[in-house]
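I am opening a notebook on a structure that I have not looked at before. My entries follow the order in which I looked things up.

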Amino acid sequence: MENRSMVPLKQPIVFELEGFVFPQSQGPLLFSLALLNFLVVLMGNGMVLSVIVTDRTLHRPMYVMVCNLAVCDLMGGTAVLVRLMIHFVTGDKRITYVSAIAQAFTVHTYGATVQTILSAMAYDRYIAVCEPLRYQAIMTSARLMFSLALAWAVAFLCIIVLFALNVGSPLCGTLIQHVYCSNRSILSLACGPTEINNIYGLVMSWSLSTGTFLIIAFSYAKILHACVKRNRDSGSRSKAIQTCASHLLIYCLYEIAAVVITLSQRFISVSQEVKKFGSILFVIIPPAINPIIYGLVTKELRTRIFRKFLSRATQENSQGPKSIQ
């Protein structure tokens, strides 16, 4: 199929996602795997959200930020996995212009917001470990809300500008050579040059990634220095490490996914299907694993989750004999 024409397309435009190439007989299996991944994302992040929202003892800065990260994970996972499941079960690769822009905007917002929220969490951990006596005075409710609002606003503003430069550009093709819609894949169908869009996209991506890295590196350098100074107090040191371990694990998980995506695109010998799979790692793996990391590493959250399950099981057992009678 010819991907481009010489004449700009008119609305309504319907794109065709290249997607994965697979035998029709494997569609149900791939759909089942995507559905399983989606259910893990939905149930894991949903459980974390429900436990933190309903338990007032967890209404503290660290867990409020975890809630925001869970919302972000749900947003990214839903944007990609739902479309993938439709593709696997029906084979339909068509997507309207509005739906394509919405998916691309959501995916890019997810990628940007994850970085800004992780930066806010690093700042929170830095204050909690390095200034424990002043933590309540520094991380007030107003400052917490400001930090989270700033994290979301910076991400939204960056992505809004990115798409404002692209929306309305004449398009001369309909075949999106990707598994999901992204700014780059849609922009590649533009009829004319896109230097300004490309430069802004590169500068924005570099600034967000570098800024996040510098904030997290600075925070953890200070935390490490504080832990070394407390070498006589093993209890407070281990508590500080445990508090920060989940955040650092999640940041490393996102970075590993980003490295895999980058490397898979650089090697020509790598098959196109492997490259496509590598490109969706950052929206199918971290959202599924993040709730497990917080549930296992963060003792307080783990205890509340187990308590919620036990209380629900106890209520069901106590109601069982009554329903029989």
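Predicted model: local features only at pLDDT ≥ 70, side-chain atom pairs only at ≥ 80, totals over all residues.

Entry on aromatic rings. I looked at Y110 and Y254, which form a tilted aromatic pair with 6.5 Å from centre to centre and 55° between the planes. This pair links distant parts of the chain, since Y110 lies in helix α3 and Y254 in helix α8 (residues 234-266), 144 residues apart; helices (H or I, at least four residues) and strands (E, at least two) are DSSP runs, numbered from the N terminus. Both Y110 and Y254 are buried, where buried means under 20% relative accessible area, exposed over 50% and partly exposed in between (1.4 Å probe, protein chains only). I also noted one aromatic cluster, formed by F105, W152, F156 and F163.

Entry on the sheet. I found three strands in an open sheet of mixed pairing, in the order β2-β1-β3, with two strands taken to pair if DSSP finds at least two bridges between them. Because β2 (94-96) and β3 (175-176) stand at the edges with a single partner strand each, one side of each is left without a neighbour in the sheet. Strand β1 (residues 14-17) pairs with β2 in the antiparallel sense over three bridges, and I95 in β2 is the bridge partner of F15. Helix α3 (residues 97-130) packs on the sheet and touches β1 and β2, contact meaning heavy atoms within 4.5 Å.

Entry on charged side chains. I noted three salt bridges, each a side-chain nitrogen of Lys or Arg within 4 Å of a carboxyl oxygen of Asp or Glu. In one of them R125 meets D124 at 2.6 Å, N to O, and here R125 is buried at 7% relative accessible area, as is D124 at 1%. R94 forms another with D92, the closest N and O atoms being 3.2 Å apart; R94 is exposed at 54%, whereas D92 is partly exposed at 29%.

How values were computed: Residues numbered from 1 in each chain as written. Heavy atoms only, no water. Axes fitted to C-alpha atoms, helices over the stretch in contact; angles between N-to-C directions. Phe/Tyr/Trp six-rings, centres within 6.5 Å; stacked < 30°, edge-to-face > 60°.
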